[in-house]
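Take a look at the structure first, and then read on.

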Number of protein chains: 2
Amino acid sequence: MLQFDLLKTDPTSHARRGTLTLNHGVVQTPIFMPVGTYGTVKGVMPRSLEEMGAQIILGNTFHLWMRPGLDVMKSFGGLHGFEKWDKPILTDSGGFQVWSLGAMRKITEEGVHFQSPVNGDKLFMSPEVSMQIQTILNSDIVMQLDECTPYETNGKKTTEAEARKSMEMSRRWAKRSKEEFERLGNPNALFGIVQGGMFKHLREESLQGLLEIDFPGYAVGGVSVGEPKDEMLDIMQHTPHLLPANKPRYLMGVGTPEDLVQGVADGVDMFDCVMPTRNARNGTIFTRYGDLKIRNARHKTDHQPIDTSCTCHACAGKSGVSWDDGGRDGFSRAYLHHLDRCGEMLGPMLTTIHNLHYYLNLMQEVRQSLDAGSFAQFRAQFKSDRARGI
Amino acid sequence: MLQFDLLKTDPTSHARRGTLTLNHGVVQTPIFMPVGTYGTVKGVMPRSLEEMGAQIILGNTFHLWMRPGLDVMKSFGGLHGFEKWDKPILTDSGGFQVWSLGAMRKITEEGVHFQSPVNGDKLFMSPEVSMQIQTILNSDIVMQLDECTPYETNGKKTTEAEARKSMEMSRRWAKRSKEEFERLGNPNALFGIVQGGMFKHLREESLQGLLEIDFPGYAVGGVSVGEPKDEMLDIMQHTPHLLPANKPRYLMGVGTPEDLVQGVADGVDMFDCVMPTRNARNGTIFTRYGDLKIRNARHKTDHQPIDTSCTCHACAGKSGVSWDDGGRDGFSRAYLHHLDRCGEMLGPMLTTIHNLHYYLNLMQEVRQSLDAGSFAQFRAQFKSDRARGI
């Protein structure tokens, strides 16, 4: 099931506030979804995800197909029981990962033949196979199989003809995805994905085709695939707000904190990105007042937490009281710097919690500002805060 | 400060039940102390350590001297504030690590000249330096600098003459350690370390020398240094119960669950070992019913937790109710097997919690049996349970 209730719209932008009811619970939108590729958000306990307010997380169909495999997933009745997460899950189609295999895969109208990167087995992915796997995973939101149109290939930009060809196949795959999804009696919700590369009229044609098939939710794919930032922002400003107003809109694989706030203004309800988790493991930390490299020597003796205003477990510790409010239980920058230098696991464990908390809290503040009718002021404050530096 | 209260002794063995009051709190003995080398028990949040009942943890003087260094430690007023652990801490002397540097160090009566393995700096460790560093770390229990007498060197067993020479130097270093500890006005407690290799009369001579210096607690060192198991057990049966009955006894670097229970019977109050944490990261798991390799293919589809009777967060999840008591929140063996195969951080995070919980809970059961006067029955049950297999 999927029910989307639009609670409020922002008069100064395309931003919207809504609730998304799925088989495993209700999601407040706009929302950021942490990525849990192999059935785990890297380095984070499920209970920590709950504590930081995660409402829905991602799983990667391709990865879970390879390991642990469908027999295991089937025996657990899907991904929820396996990874001990009882709130909603969205799975991608596996298309992006298959496409990323490069020379190891061959794409045809029927589907994609490829070699398993795990054991070399010859495998086949198609709209039907993707639906069958995602039905076993029992994710609350299922994504159609699409072909991700690249921005460029070997330094050569994708032409309009190539983008059209790719988009048209994705559209046909959307239809086959829906037919198989329905044939399987999948009780969850299937999203269509708008493609078309950097060509706005192709984006519109793609959307038109998907609307004719009819989905309970729509995504914008094929952004954040290597294009210059201004072209990404151009597509973000063009496409999302054209999607049906009464259905959830998902911008795939985006992005920085700035991208998220801009995406909300462009009418997006749902985001996912590996950036907060991956960057945390590399010691790059997001905060209200800008980004911070914990590896930097200036942190060596700093007793302050990452962000003195933050209430995540890394910054506020077991009391949950921020440094600014007098709490002194948080882990210091000096300590995180030390853990990073020593390659200690606790370093990425704590920085991942902070980064995800930051992303989730940012979206909560976005929702609060939408509820209060003050999104424009929020954006201005966000921009000046982020520029302040930390 | 250090106050040791002997609460009860076991009539069937040398086992004792006590409480150890230190500057940062009270420790119930017998106790296992998790090892936190670089200011972190690898892969475990401090709050998880508290949840699993850790009462005192270790820090490694040598490692913390190298990284983050004494300026940082000094600025935090010691290790507690740095690593956000407010219960007792014991630090080793750094002697074992310096000794382990092999060709990179030169041991003289005055102390040990060595090259920093981190940056190649020429450094010097002595009883005085060790006390100075441990005073900065402000650990509740400080260990004297000793020379760890090896069991063998390049395949040649240590002779009695060599063991005597080493033990006598350690005894002189004990005296220098105490003098420097007192000169520094360190408010914590300094332990002497019995050496003497595998020679019982040397162990007794070592102890006699330490008693003349007078320490508030005594340790048995130089076991678990490569000797055959029967020789280790022989020393364990010989030495600990000769240590003063009214002071805490610490067996350094030991051992398996069986070693711990045997050690308690031999009169030991305190243990530390990297085994539960290190083995967890290699997928070797300790349980009431024997050890288990999570990498084994037989776990691939097993829905049960590691141990159905266990209440750790890995086995019982957020409810804390064991599988045997109807709880189904724990992480399955299939999931842990999958995380291990995929090299996911969450795998060692969960198995480390389980292994430490097992060790800490084992010691709690030991204490309960001592309180109840049923330690002999406990040992018999422990032995048969561990032999059952899992």
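## Getting oriented

Helices and strands are DSSP runs, helices of at least four residues and strands of at least two, and they are numbered from the N terminus. Please keep in mind that this is a predicted model.

## The annotated binding site

The UniProt annotation "binding site", which comes from an unreviewed entry, covers Cys310(A), Cys312(A), Cys315(A) and His354(A). These residues are spread over 45 residues of sequence, yet they cluster in space, with a largest C-alpha distance of 8.5 Å.

Where do two of the cysteines sit? Cys310(A) is in the loop between β18 (290–293) and α12 (313–316) of chain A, while Cys315(A) belongs to helix α12 of chain A. Cys310(A) has a relative accessible area of 7%, so it counts as buried. Cys315(A) is buried too, with a relative accessible area of 3%.

Setting aside residues up to four places away in sequence, Cys310(A) touches Cys315(A), Ala316(A), Ser322(A), His354(A) and His357(A). With its neighbours within four places likewise left out, Cys315(A) is in contact with Pro305(A), Ile306(A), Asp307(A), Cys310(A), Gly330(A) and His354(A).

A disulfide here needs two cysteine sulfur atoms within 2.5 Å. For Cys310(A), the closest cysteine sulfur is in Cys312(A) at 3.7 Å, which is too far for a bond.

## An enclosed helix in chain B

Helix α13 of chain B, residues 333–342, is largely enclosed by the rest of the structure, because 9 of its 10 residues are buried. The buried residues are Arg333(B), Ala334(B), Tyr335(B), Leu336(B), His337(B), His338(B), Leu339(B), Asp340(B) and Cys342(B).

What covers the buried residues of α13(B)? The cover includes α4 (79–83) of chain A, along with β18 (290–293) and α14 (346–372) of chain B. Just after α13(B), Gly343(B) adopts a positive phi of about 65°.

## How the two chains pair up

## Salt bridges

The structure holds 52 salt bridges over all chains. One of them joins Glu231(A) and Lys157(A), whose closest N and O atoms are 3.8 Å apart. Glu231(A) lies in helix α9 (residues 229–238) of chain A and Lys157(A) in strand β12 (residues 156–157) of chain A, so this pair ties together parts 74 residues apart in sequence. Both residues are partly exposed, Glu231(A) at 22% relative accessibility and Lys157(A) at 48%.

Arg288(A) forms a salt bridge with Glu365(A), where the closest N and O atoms are 2.7 Å apart. Arg288(A) is in the loop between β17 (284–287) and β18 of chain A, and Glu365(A) is in helix α14 (residues 346–372) of chain A, so the pair ties together parts that are 77 residues apart in sequence. At 24% relative accessibility, Arg288(A) is partly exposed.

## A loop-to-loop pair and a network

In chain B, the side chains of Asp214(B) and Lys247(B) meet in a salt bridge at 2.9 Å, N to O. This pair links distant parts of the chain, 33 residues apart: Asp214(B) is in the loop between α8 (200–213) and β14 (217–220), and Lys247(B) is in the loop between α9 (229–238) and β15 (249–251). Asp214(B) is partly exposed at 39% relative accessibility, whereas Lys247(B) is buried, with a relative accessible area of 18%.

Finally, Glu50(A), Asp86(A), Lys87(A) and Lys318(B) are linked in a network of salt bridges.

Definitions and conventions: Residues are numbered from 1 along each chain as its sequence is written. Chains are lettered from A and ligands numbered from 1 in the order in which they are written. This is a predicted model: local features need pLDDT of at least 70, side-chain atom pairs count only at pLDDT 80 or more; totals for chains, interfaces and linings use all residues. Side-chain values use heavy atoms; hydrogens and water are left out. UniProt positions are given in the numbering used here, feature names are shortened, and annotations may be inferred rather than shown by experiment. Buried means under 20% relative accessible area, exposed over 50%, partly exposed in between (1.4 Å probe, protein chains only). Contact means heavy atoms within 4.5 Å. A salt bridge is a side-chain nitrogen of Lys or Arg within 4 Å of a carboxyl oxygen of Asp or Glu.
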